Amino acid sequence: MSSTFETVSKIISETCDIPLEKITPESHAIDDLGIDSLDFLDIAFAIDKAFGIKLPLEKWTQEVNEGKAKTEDYFVLGALCGKIDELVAAKGA
Amino acid sequence: MRLEYFQMITRVVSFDAQAKTLTAAADVPAESPVFEGHFPGYPLLPGVLMIEAMAQTSGWLILGLNRLTAMPFLVGTNITKMRDFVQPSTPLVVHAEMVGDGSGYAVTKAFITREGKKVAEAEIKFAVKTFPDPKFALMIREWGERLQFPFEKLETA
């Protein structure tokens with residue numbers, strides 16, 4: 001069974017045509033990988049389908065815009081995978 | 001259809017909140033300035049307007065499912081196919097089904113039929129955003145009334 005990071009990095013690689021080896025848990029989706037908001041919609045759709053969850057993108061964006069969170073809290077891939085694991089665990093609870 | 005105003009749907013035929021589907025009638029007019037250029041002497045409904053018809057049908061589906069609380073904006077299409085030419089004076093039926101309902105985005109699959117035969121299809125992506133102002137929301141509501149959108153069904157959506 002693939003780890004969360006393996007699944008997410010494969011989705012990003014295929015969606016944005018980024019070589020898999022360039023994607024690490026420390027990669028910032030926006031600053032390092034250059035993923036824009038439109039590509040992120042495709043990534044969110046693929047992640048939602050793969051994990052059976054609903055990434056709360058609107059809530060995260062609002063928190064960043066209001067200064068309650070930093071973009072790296074959600075858009076560094078290691079942190080993103082942690083949030084995905086939390087959502088998956090909450091779904092099964 | 002009023003092609004020159006980008007009003008692609010004639011009326012909403014059905015909306016099923018449980019199945020997350022919507023069907024609309026789109027009657028291609030006999031005459032339009034669009035046909036004068038596309039093409040002179042050989043009028044055809046442009047493929048981009050078929051995509052727009054599928055996008056607007058999908059848009060009404062999304063609006064119905066979110067009870068007109070947020071506006072879908074077209075941001076992309078996948079797997080788009082134009083299977084046949086469509087001439088003036090053609091009644092079309094446009095079908096849309098929700099396949100991805102996320103936070104701030106939606107994805108639909110849509111297709112157009114003529115006499116039961118598929119003439120176009122696409123997977124369509126939308127950013128779903130808060131209405132920019134109340135007047136915009138009211139305009140959409142009034143547009144829906146003109147299209148006979150079954151607002152009474154929003155109670156069960």
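## Helix crossing in chain A

Helix α1 (residues 4-16) of chain A and helix α5 (residues 77-92) of chain A have axes that come within 10 Å and cross at roughly 115°, where axes are lines fitted to C-alpha atoms, for helices over the stretch in contact, and angles run from 0 to 180 degrees between N-to-C directions. Helices (H or I, at least four residues) and strands (E, at least two) are DSSP runs, numbered from the N terminus.

A:Thr4, A:Phe5, A:Val8 and A:Ser9 of α1(A) meet A:Leu77, A:Leu80, A:Cys81, A:Ile84 and A:Asp85 of α5(A), contact being defined by C-beta atoms, placed from the backbone, that lie within 7 Å. By class, this contact has 6 nonpolar, 2 polar and 1 charged residues; Asp, Glu, Lys and Arg count as charged, Ala, Val, Leu, Ile, Met, Phe, Trp, Tyr, Cys and Pro as nonpolar, and the others, Gly among them, as polar.

## Model and numbering

This is a predicted model, in which local features need pLDDT of at least 70 and side-chain atom pairs count only at pLDDT 80 or more, whereas totals for chains, interfaces and linings use all residues. Residues are numbered from 1 along each chain as its sequence is written, while chains are lettered from A and ligands numbered from 1 in the order in which they are written.

## Contact between the chains

Chain B and chain A each bring 10 residues to their contact. On the side of chain B that touches chain A, β3 (70-82), β5 (105-114) and β6 (117-130) of chain B each supply at least two residues, and the residues of that side divide into 4 nonpolar, 5 polar and 1 charged.

Terms used: Two residues are in contact if their C-beta atoms, placed from the backbone, lie within 7 Å.
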